[in-house]
Amino acid sequence: MVVTRMFWHVREQIDTVFERDPAARSVLEIVLFYPGFHALLLHRVAHSLYGSGWFTLARAVSQFSRAVTGIEIHPGARIGRRFFIDHGMGVVIGETSEIGDDVLVYQGVTLGGTGKDTGKRHPTIGDGVVVGTGATILGNIRIGDHVKIGAGSVVLHSVPDHSTVVGVPGRVVGDEMEFEPLEHGDLPDPEARAMEALSRRVAELEATLKALIDDKVSTKR
């Protein structure tokens, strides 16, 4: 039963890589050269040991995985099905992190604590979430289902379902009622939008002022 379940997890993870990564060409390539694939399988082993009370051995497995893959996942972290780490170097996932199903994480992502709390001190990530390159999510907060977090964002507060978050600190800039479904590389930039709106307003005011001056000059004549 255990062996059957292990092979089922491996098969599902391979299918996930094919679905998520168009560069994947063969099962052999995935098994040999995908660090995210290796990290997830080793985490399943470490998490099982951790749950059985073999804490030191579990940490040994996780540290070996870190050395081999460049991905650090604490054995206490709970990870759902079809989780995919794209490239993966520099990803850090803390002990009390909880990750739902069908989550996509890019390289350099941190799911960390604030350094002040005990107990549940790492994020909870909902289903279908996309976390962009270099994003940092800190503290015991919840990222809702189907949220997109832009590259380089720093998220310090909980985020509702179906939202898009960008910036430092991270801000919710829209939801599915306001935006079409967005790709990871096509997220809105609130600062750029604010500057564009300000530029338009300045241009409108300049045009109004010019019209008033021209009208005053014309009246004097």
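Mentor: Let's go through it topic by topic, starting with how the model was made.

Trainee: What's the mean pLDDT of the protein chain?

Mentor: The mean is 86, and 88% of the residues reach 70 or more; pLDDT is the predictor's confidence in each residue, from 0 to 100. Over residues 176–182, though, the pLDDT is below 50. That stretch has 10 contacts in the model beyond near neighbours in sequence, a contact being heavy atoms within 4.5 Å.

Trainee: And how should I treat low pLDDT?

Mentor: Where pLDDT is low, the predicted coordinates should not be read in detail.

Trainee: OK, salt bridges. How many are there?

Mentor: Nine, counting a side-chain nitrogen of Lys or Arg within 4 Å of a carboxyl oxygen of Asp or Glu. Take R11 and D15, whose closest N and O atoms are 3.0 Å apart. They sit four residues apart in helix α1 (residues 2–20), so about one helical turn separates them. Helices (H or I, at least four residues) and strands (E, at least two) are DSSP runs, numbered from the N terminus.

Trainee: What does E12 pair with?

Mentor: E12 forms a salt bridge with R81, with 2.5 Å between the closest N and O atoms. E12 lies in helix α1 and R81 in the loop between β2 (78–79) and β3 (84–85), so the pair ties together parts that are 69 residues apart in sequence. E12 is buried at 14%, while R81 is partly exposed at 36%.

Trainee: Which residue does R121 meet?

Mentor: E95, in a salt bridge of 2.6 Å, N to O. R121 is in the loop between β7 (110–112) and β8 (124–125), and E95 is in the loop between β4 (92–93) and β5 (98–99), 26 residues apart. R121 is partly exposed at 25%, as is E95 at 22%.

Trainee: Changing topic: how many aromatic pairs?

Mentor: One. The ring centres of Y50 and F55 are 5.0 Å apart and the planes are at 70°, so the pair is edge-to-face. Rings of Phe, Tyr and Trp (its six-membered ring) pair if their centres lie within 6.5 Å; planes under 30 degrees apart count as stacked, over 60 as edge-to-face and the rest as tilted. F55 is partly exposed at 46%.

Trainee: And S65, buried or exposed?

Mentor: S65, in helix α4 (residues 55–69), is buried at 5%. Leaving aside neighbours within four places in sequence, S65 is in contact with A39, L42, G70 and I71.

Key: Residues are numbered from 1 along each chain as its sequence is written. This is a predicted model: local features need pLDDT of at least 70, side-chain atom pairs count only at pLDDT 80 or more; totals for chains, interfaces and linings use all residues. Side-chain values use heavy atoms; hydrogens and water are left out. Buried means under 20% relative accessible area, exposed over 50%, partly exposed in between (1.4 Å probe, protein chains only).
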